[in-house]
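Please keep the sequence and the model in view while reading.

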Number of protein chains: 2
Amino acid sequence: MKVTIPKNLLTEHVSLLERVIPTRSSNPLFTYLGLALSPGVLTLFGTNGEVDLEVRLHLSIEGEGRFLVPAQPFFQLVRSLPGDQVELAFGAELFLSSGSFSTRLSLAPDEGYPELFFPSHEGPSEPYPLQTLLSVEELHRALSHVRYAASNEEYRAIFRGVQLEFSEKGLRSVASDGYRLALYGLAKPQPFTKKAVVPARSVDEMVRVLKAMGEGEVALALGPGILGLATGGLADPPQGQVRMAVRLMEGEFPDYERVIPKEFPLKATFEVEAFREALRRVSVLADRQNHRVDLMFEEGRALLSAEGDYGKGREEIPVRLEGTPLAVAYNARYLLEALSPLSGEASLFLSGPTSPSLLHPLEASASSPGEGYQAVVVPLRV
Amino acid sequence: MKVTIPKNLLTEHVSLLERVIPTRSSNPLFTYLGLALSPGVLTLFGTNGEVDLEVRLHLSIEGEGRFLVPAQPFFQLVRSLPGDQVELAFGAELFLSSGSFSTRLSLAPDEGYPELFFPSHEGPSEPYPLQTLLSVEELHRALSHVRYAASNEEYRAIFRGVQLEFSEKGLRSVASDGYRLALYGLAKPQPFTKKAVVPARSVDEMVRVLKAMGEGEVALALGPGILGLATGGLADPPQGQVRMAVRLMEGEFPDYERVIPKEFPLKATFEVEAFREALRRVSVLADRQNHRVDLMFEEGRALLSAEGDYGKGREEIPVRLEGTPLAVAYNARYLLEALSPLSGEASLFLSGPTSPSLLHPLEASASSPGEGYQAVVVPLRV
């Protein structure tokens with residue numbers, strides 16, 4: 001059983017698997033990289049028990065079989081091989097050669113290795129009865145914009161995930177830790193109505209894999225306790241088909257709609273980059289407990305100030321105001337994180353000095369409600 | 001008391017102090033950055049108790065005084081100030097402003113802050129009776145080439161330092177952990193005969209500071225239990241004068257000359273980069289205990305091989321041999337570290353399959369003995 005792969009093709013796709021496959025695990029088989037050979041297709045696969053990933057490459061293959069190689073030395077070697085081509089020959093061991101280098105790697109018997117179920121890009125399949133097609137870039141934005149707001153606390157387990165809401169109105173992603181909330185809406189009707197909560201760490205892997213996918217469409221599929229991704233079919237010349245499955249969390253978010261404010265006596269619009277930089281500087285002086293930064297909105301400007309053990313800091317930035325000037329204080333970290341997905345101009349909608357504020361990118365404030373990114377940040381009590 | 005400093009000048013020199021001044025210390029005053037104002041000179045200084053550092057800048061100054069500011073917020077702020085100029089005004093607090101940003105930082109009383117003694121670039125001074133002038137680049141090479149070989153083990157305390165040997169023959173730096181040895185010789189007669197052992201961690205700081213100094217001459221000065229560095233006088237337009245002092249270790253290295261082999265039945269010359277890459281690949285397969293890689297020298301080539309739990313690896317690289325072919329095994333990590341300061345071509349001088357080998361850059365093998373870099377690596381017993 002033999003296959004020859006261009007080194008660049010192998011390194012590029014192996015790097016996707018490298019972060020999923022653990023270096024240590026209570027199940028030692030999880031530390032192995034799977035390689036499956038079938039006519040015309042080499043499949044690389046791995047799992048950490050939470051996230052399963054496979055990459056299928058269209059290559060000329062001799063023979064059929066499924067093999068587990070120790071992932072760590074394989075990854076280390078593949079990165080630094082001297083030749084442009086890598087030859088893999090499977091027998092009792094894997095014989096790998098490239099340029100003047102050759103190695104024999106021991107193989108593990110694959111008894112006990114879990115069977116991995118991935119969705120099909122072509123349509124619903126077992127165990128994924130629900131399926132929708134999305135642009136890779138849209139799904140990437142929906143996940144990456146809200147991820148920061150997920151909780152790290154043990155005691156609010158459900159908030160340690162990102163909720164995906166599929167409905168005829170569209171797809172919405174939501175994350176919260178109970179103190180702040182981030183939402184991203186895609187106004188594209190979905191073929192089913194369902195909520196699914198993905199662990200935040202698995203969201204990180206999805207974001208990474210979607211980023212590597214670049215452009216095109218991706219099938220997003222749901223089944224009992226599982227969510228899957230699949231890019232389109234195999235390309236020739238080879239380019240990997242990537243499929244992914246992540247375990248879902250049980251339960252769903254409590255009703256969060258009621259904390260989203262609807263009326264705003266003040267709207268402040270500013271350059272995100274200038275605001276972020278000023279906020280960072282001023283927050284250096286903030287107390288280390290609640291990172292409090294005071295914002296005083298006045299005609300044409302916002303005055304940022306903070307005071308802590310080291311002293312006081314202040315800075316003014318230009319803003320465009322609509323409404324009644326007011327003063328408010330935030331945890332600078334929360335506000336900086338809410339700004340983190342943004343660039344260009346943004347608007348902060350203030351419902352009052354102690355009630356939740358809403359942050360939007362400028363373009364979104366004009367478009368339909370529920371579209372794009374929104375963040376809810378709660379002011380600190382004065 | 002006021003001074004205005006170009007932001008770039010301040011950030012560049014503050015970054016030198018940033019690594020020395022600790023974020024936490026059993027002496028809380030060590031977490032402060034010192035600023036001393038005197039006519040025409042602003043001095044920034046700091047210490048961690050082992051390494052003292054000061055930078056003097058030629059600037060127009062109003063008033064005189066010595067102030068301690070909390071280093072962490074100062075460093076954080078200085079990096080991100082919005083203006084091109086930074087104004088510092090000292091009173092009961094430090095008032096710092098730059099562009100639209102301003103801050104008041106609390107100051108600490110400097111009672112209890114240690115007095116720092118630095119050498120003078122102009123010649124011997126208290127407490128530095130011995131002094132020599134070296135090129136910044138030469139001293140940087142002498143320290144950075146041997147640092148890797150210093151020990152991390154507690155029980156051989158003296159080997160956790162780098163020994164500097166001053167004599168009429170020149171300056172030599174030596175590091176060892178008892179298993180390998182690195183030397184760097186400068187064939188430039190020194191005005192005194194002395195050995196001094198600098199803790200390896202202080203050597204790291206010296207290397208970093210010398211790198212930032214770039215070119216030119218540096219005074220290296222010795223006193224009881226202390227070693228100091230000083231660059232030339234103040235420049236106008238401003239450029240920092242940097243001075244440094246490090247505590248020395250007590251004692252000196254045991255005689256290491258006897259482990260340096262003198263006769264070699266085999267000399268192997270190779271491209272460092274190709275050898276290093278092959279060694280890295282093959283060593284992925286080496287056992288994790290002693291990282292053993294076997295080298296078989298044959299006419300025109302070296303065959304590298306390793307075997308461990310994961311399997312076996314082998315690779316051939318071209319070498320030029322002079323002498324009798326032989327086989328030898330090394331700890332791959334030690335050999336890789338010995339190669340780390342090198343590029344271009346190098347020669348490995350083998351005294352036998354179980355006796356120490358000597359590694360030289362190719363150019364050094366031709367020049368006078370004791371000049372440049374040499375590493376002693378001991379083969380593993382077969």
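How many residues of chain A are in contact with chain B? The count is 26 residues of chain A, in contact with 26 residues of chain B, where contact means that the C-beta atoms of two residues, placed from the backbone, lie within 7 Å. This is a predicted model, in which local features need pLDDT of at least 70 and side-chain atom pairs count only at pLDDT 80 or more, while totals for chains, interfaces and linings use all residues. Residues are numbered from 1 along each chain as its sequence is written, and chains are lettered from A and ligands numbered from 1 in the order in which they are written.

On the side of chain A that touches chain B, the elements giving two or more residues are α2 (71-79), β9 (101-106), α5 (272-283) and β21 (311-318) of chain A. Helices (H or I, at least four residues) and strands (E, at least two) are DSSP runs, numbered from the N terminus. By class, this side has 9 nonpolar, 8 polar and 9 charged residues; Ala, Val, Leu, Ile, Met, Phe, Trp, Tyr, Cys and Pro count as nonpolar, Asp, Glu, Lys and Arg as charged, and the others, Gly among them, as polar. The copies meet through the same surface, because 100% of the interface residues of chain A are also interface residues in chain B.

How are the two chains related? A rotation of 180° with 0.0 Å of shift along its axis superposes chain A on chain B, with an RMSD of 0.0 Å, by least squares on the C-alpha atoms of residues with pLDDT of at least 70 in both copies. That is the relation of a two-fold axis. The residue of chain A that comes closest to the rotation axis is A:R19, at 16 Å (C-alpha).

Within chain A, β1 (residues 2-6) and β7 (residues 85-90) pair in the antiparallel sense over 5 bridges, and A:K2 stands opposite A:A89 in β7(A). Between the chains, β21(A) also pairs with β9 (residues 101-106) of chain B, antiparallel and over 5 bridges; there B:R104 is the bridge partner of A:K312.

Chain A is divided into domain 1 (2-106), domain 2 (130-257) and domain 3 (260-377), with bounds that come from an automatic or database domain assignment. Between domains 1 and 2 of chain A, 16 residues of domain 1 are in contact with 18 residues of domain 2. On the domain 1 side, β4(A) gives the largest share, 8 residues.

Strand β11 (residues 161-167) of chain A is largely enclosed by the rest of the structure, because 6 of its 7 residues are buried, that is, 20 or more other C-beta atoms, placed from the backbone, lie within 10 Å of their own. β11(A) pairs antiparallel with β14 (residues 194-199) of chain A over 6 bridges, and a hairpin through 2 residues joins β11(A) to β12(A).

Note on methods
Pairing = 2+ DSSP bridges. Buried ≥ 20, exposed ≤ 12 C-beta atoms within 10 Å, placed from the backbone.
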